[in-house]
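User: I have a structure open and I'm new to this. Can you walk me through it, starting with the charged pairs?

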Amino acid sequence: MNESKRPRRRRWLIALGGVAALAVVAAFAVRTPSPVGHWDGAEGRDRFMAAYDQAFRDLPPNADAVDVRTDYGVVRFYRFAGTGQASAPLVLLPGRASASPVWADNLPSLLEVGDVYTVDLLGEPGRSVQERPIADGADQAAWLHQALAGLPEDRFHLVGLSIGGWNATNLALRQPELVASLTLVDPVFVFDDMPLGTVVRSLPAAFSWLPKSWRDGFNSYTAGGSPVEDVPVAQMIEAGMQHYQLRLPQPTRIAEEELAGLDLPVLAIIAGRSVMHDPGTAVATAERALPAASVRVYPDASHAINGEHPDRIAADIAEFLAASR
């Protein structure tokens, strides 16, 4: 489907998976320690799962659920058979406090590139279940590596959105054996720090006891001011923000000299109106640290870029993968 024909409001809301609950970064310092991520109760979990199931209906119907046990818990993937000829499956890593349903707008065009897995990040609200503490970046890489190793293929093209981009980069730096390429879609903590203004604005949304409207307000801010109420995927994200207690290490900026050590193809897609980093700084860092990378800027895109430009992203990924063979 042509991007211009998609309902504008729905595109914004589906995209919120890339941005939702980065507010929790600001709350790490005030939350009490606990071994693993967990729900605040059965009612909150049921509310999230009902919205998850409803939002999941927008995904293509041919999904095969795949659960992989790791040392850190059980990781849920969904596999979609594509029609394209990519050399390895794409694995889509979503943003914080989101899960597989946020890729609904992206899947139709990405399936024309090749087979696709979506994943619910371990330690985040979704159908993956954390069972052991994730203490640092090494643990973050370890669970993801083990999860990919449990799939039948032996190489994967990682596509990371927002904090998913950080997870993909962290894995490629620490355990790159299964990573064929990286596509980083407006990643956070990779090419620039999060602006102080965004951190400050996230504070009200970081506390579960505050009204829903405060969380909606922050999500709208990161999505360029689009309304975010009364749509299943937005309800799923907000429910995860409110009812799931994260117990993950606070992500830290990946150093430029580390990025320079990446020895695999990289596509960086930067939103020109992102509030999660300074776009100009992000582009300059990517071009400086990764001179062989393909860096694309979407000038009119917000951090909700994956829902605003799904077909363009798929076309850029297809071109990138073809050139990387």
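**Salt bridges and surroundings**

Analyst: Arg 79, Asp 115 and Glu 153 are linked in a network of salt bridges. A salt bridge here is a side-chain nitrogen of Lys or Arg within 4 Å of a carboxyl oxygen of Asp or Glu. This is a predicted model, in which local features need pLDDT of at least 70 and side-chain atom pairs count only at pLDDT 80 or more, while totals for chains, interfaces and linings use all residues. Residues are numbered from 1 along each chain as its sequence is written, and side-chain values use heavy atoms, with hydrogens and water left out.

User: Why do such side chains pair at all?

Analyst: Side chains of opposite charge can pair when their charged atoms come close.

User: How many salt bridges are there by this rule?

Analyst: The count comes to eleven. One of them joins the side chains of Arg 79 and Glu 153, at 3.4 Å from N to O. That pair links distant parts of the chain, 74 residues apart: Arg 79 is in strand β3 (residues 73-80), and Glu 153 is in the loop between α5 (137-149) and β7 (156-161). Helices (H or I, at least four residues) and strands (E, at least two) are DSSP runs, numbered from the N terminus.

User: Which residue meets Arg 253 in a salt bridge?

Analyst: Asp 193, at 3.6 Å from N to O. The two are 60 residues apart, with Arg 253 in the loop between β9 (244-245) and α10 (256-259) and Asp 193 in the loop between β8 (179-185) and α7 (196-202).

User: How accessible is Arg 253?

Analyst: Arg 253 is partly exposed at 28% relative accessibility. Asp 193 is also partly exposed, at 40%. The cut-offs are under 20% relative accessible area for buried, over 50% for exposed, and partly exposed in between (1.4 Å probe, protein chains only).

User: And what does Glu 256 pair with?

Analyst: Glu 256 forms a salt bridge with Arg 288, at 2.6 Å from N to O. Glu 256 is in helix α10 and Arg 288 in helix α11 (residues 279-289), 32 residues apart. Glu 256 is partly exposed, with a relative accessible area of 26%.

User: Changing topic. You mentioned α5; how many of its residues are buried?

Analyst: Ten of its 13 residues are buried, so α5 is largely enclosed by the rest of the structure. Among them are Trp 143, Leu 144, His 145 and Leu 148.

User: What covers them?

Analyst: The cover includes β2 (64-70), β3, β4 (90-93), β7 and α6 (163-174).

User: What span should α5 have at 1.5 Å a residue?

Analyst: The 13 residues of α5 should span 18 Å, and its end C-alpha atoms are 18 Å apart, which agrees. The expected span is 1.5 Å times one less than the number of residues.

User: Which residue caps the N-terminal end of α5?

Analyst: Asp 136 does, with a side-chain oxygen 3.2 Å from the backbone nitrogen of Ala 138.

User: Where is Tyr 72?

Analyst: Tyr 72 is in the loop between β2 and β3. Tyr 72 is buried, at 5% relative accessible area. Beyond its neighbours within four places in sequence, its contacts (heavy atoms within 4.5 Å) include Leu 122, Val 129, Pro 133, Ala 142 and Trp 143. Tyr 72 and Val 129 are 57 residues apart in sequence and 8.6 Å apart in space, C-alpha to C-alpha.

User: Which side chain does Tyr 72 join through a polar contact?

Analyst: That of Asp 139, at 2.8 Å. A polar contact is a pair of N or O atoms within 3.5 Å; within protein, one must be able to donate a hydrogen and the other to accept it, and residues adjacent in sequence count only if both atoms are side-chain atoms.

User: What about the backbone: what is the phi of Asp 186?

Analyst: Asp 186 has a positive phi of about 40 degrees, although it is not a glycine. Asp 186 sits in the loop between β8 and α7 and is buried, at 0% relative accessibility. Phe 189 has a positive phi too, about 60 degrees, and is not a glycine either. The place of Phe 189 is also in the loop between β8 and α7, and Phe 189 is buried, at 8%.

User: Last one: how many helices and strands are there in the protein?

Analyst: There are 13 helices and eleven strands. Of the 325 residues, 61% are buried.
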